[in-house]
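Have the sequence and the 3D view ready.

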Amino acid sequence: MAPHGAAQEACVSGAQLIAEALKTQNIEYMFGIVGIPVTEIAIAAQAIGIKYIGMRNEQAACYAASAVGYLTGKPGICLVVSGPGLVHALGGMANANMNCWPLIVIGGSSDRNQEIMGAFQEFPQVEACRLYSKFSLRPSSLGAIPAVIEKAVRCSIYGRPGACYVDMPGDFVNLQVNKSSVKYVKCCLPPPVCTAEHSAVTEAASILARSRQPLLIIGKGAAYSRAENSIRKLVDQCGIPFLPTPMGKGVVPDNHPNCVAAARSRALQHADVIILCGARLNWILHFGLPPRFRPDVMIIQVDICAEELGNNVRPAANLLGDINAVTEQLLEQLVLMEWKHPSYSEWWKGLREKMKSNEETSKALALQKSLPMNYYTVFHHVRELLPRNCILVSEGANTMDIGRTMLPNYLPRHRLDAGTFGTMGVGLGFAIAAAMVAKDQTPEQRVICVEGDSAFGFSGMEVETICRYNLPVVIIIVNNNGIYSGLDTDSWKEMLKSGEPTVCAPPVCLLPNSHYEQIMSAFGGKGYFVKTPEELQNALKASLAEKQVPSLINVMINPQADRKQQDFHWLTRSNM
């Protein structure tokens, strides 16, 4: 009979199995909120070298874990308690799935022997998560945990990336099992790199060579696939105008002469051939339909997901495969054909004229001296001081939309925003994730989080998380006292005289002149309340000079400030 000590050494708990399985899959980051029954999982993860970041809300934790997946190509972990904790994380799972970012959610659940008895926080978690994930499963035994974790990680990164869920009953967490009964598995292989059919590539190159008004649209799928070098070669060697989607910014630098973001509507409306590279013809690109696009536009669609090909517009050529690999294929074919779009074409002439006109309009708004400031003035002064390699996180309505046009990105995967799902509340979770990754990979890199005042309210308490982990994030709140627009202090007071706020206050209004910077000060960070360009410049300079402590700059603007006149409304609506 083996000695008692040897028997003890041969056993392992469910919590330890989860941690070891995650470590085997090269997982580095876990975000969450602990409680019954998952606290021991977080402790076991830390013991084995996985970084645990305790958040203040499961939704923000899930956003953070998904952003790690996008930034690193490996899923972050979101650890949540049962019932309400898991429900709070569903928003983050849905957001990850819509953005096609890898994510693993591990949720504690009721003890197995109390199922259907009304157990503490009992909820059909595996079933609920199937709507929001690629894979949702509870291990059948402790011995199956490593295999289930491996499959969850593999599913999250293979094909179109997305969220996966692993359910962990409370009685599994501390239950011991002999190591000999555990089915240990190795780290999953990297995602296979698939290339497009040669005939499809040849056809796509021929279509492009016949074009008179070509356009390349770069989506965040291109950023995720690390296709920046091949796409930059395609742009440089073929002279194609390119338009990045919001998170496609930086795959080719925004200051590249072929970037036509300043003439976005003109480029979309008149292009005769469009290479759609890791982007989808959804609401962000107005479904690819008239009047925003030509009725006869020819789409060359490059995507990793076969089911995406042909959505809303029938493509002239389908290039199914890894964005980076397919771009290399297409470039090789175009080089053989010696094709390059001439820089002196009428197409380029019209685009440059429109870019110049739009840039002059924005510049005039940016240089306005009136107070309170407008959006363009704020972003003009912010842009002057931002480090070129900073990671920009942005959310809000006008704050995000105008900021996208005013704040340039020079590097791929350096912009995080509301994304495909248009999700408000992602900002601080994304900023925490970006700061954690930067801290480990590029310690001198800064994370700048530009928020509307309404957007900040969704996850503002994560400021404490930022301070607790000493993450030198700079938060800039562009404060217009409301959602889309607000009231100034005098108008607010006058409105209150007319009756009960629940009846009289416009639904878009928030409390005027709210001092959000005091939230940062309360937790030991630096807070600044600014009203003028000079105050903004001084606050941002001080914040960037501070390498150890986070800062929040609360920038008051005109509550009625708006975007410059647009050719089209930003959201394409049904005519029904």
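Two strands pair if DSSP finds at least two bridges between them. Helices (H or I, at least four residues) and strands (E, at least two) are DSSP runs, numbered from the N terminus. You're looking at a predicted model: local features need pLDDT of at least 70, side-chain atom pairs count only at pLDDT 80 or more, and totals for chains, interfaces and linings use all residues. Residues are numbered from 1 along each chain as its sequence is written, and side-chain values use heavy atoms, with hydrogens and water left out.

- Strands β2 (residues 29-32) and β3 (residues 51-54) run parallel and are joined by four bridges.
- Look for Phe31, which stands opposite Ile53 in β3.
- To get from β2 to β3, the chain passes through helix α3 (residues 39-47), and this β-α-β crossover is right-handed (with the strands pointing away from the viewer, the path from the first strand over the helix to the second runs clockwise).

**The five-stranded sheet**
- This open sheet has the order β10-β9-β11-β12-β13, with parallel pairing.
- Its edge strands are β10 (242-244) and β13 (317-320), and each pairs on one side only.
- Inside the sheet, five bridges join β11 (residues 273-277) to β12 (residues 298-303), and Leu276 has Gln301 in β12 as its bridge partner.
- Helix α9 (residues 198-209) packs on the sheet and touches β9 (214-218), β11, β12 and β13 (contact means heavy atoms within 4.5 Å).
- The direction of α9 makes about 135° with that of β13 (axes are lines fitted to C-alpha atoms, for helices over the stretch in contact, and angles run from 0 to 180 degrees between N-to-C directions).

**The six-stranded sheet**
- Here the open sheet runs β15-β14-β16-β17-β21-β20, again with parallel pairing.
- β15 (415-416) and β20 (526-530) each have a single partner strand, so one side of each is left without a neighbour in the sheet.
- Strands β16 (residues 447-452) and β17 (residues 474-479) pair over five bridges, and Glu451 has Ile477 in β17 as its bridge partner.
- Helix α17 (residues 427-441) packs on this sheet, with its direction at about 180° to that of β16.

**Two helices side by side**
- Helices α15 (residues 375-385) and α16 (residues 398-406) pack at an angle of about 50°, with their axes 10 Å apart.
- Among the residues that meet are Tyr375 and Phe379 in α15 and Ile402 and Met406 in α16.
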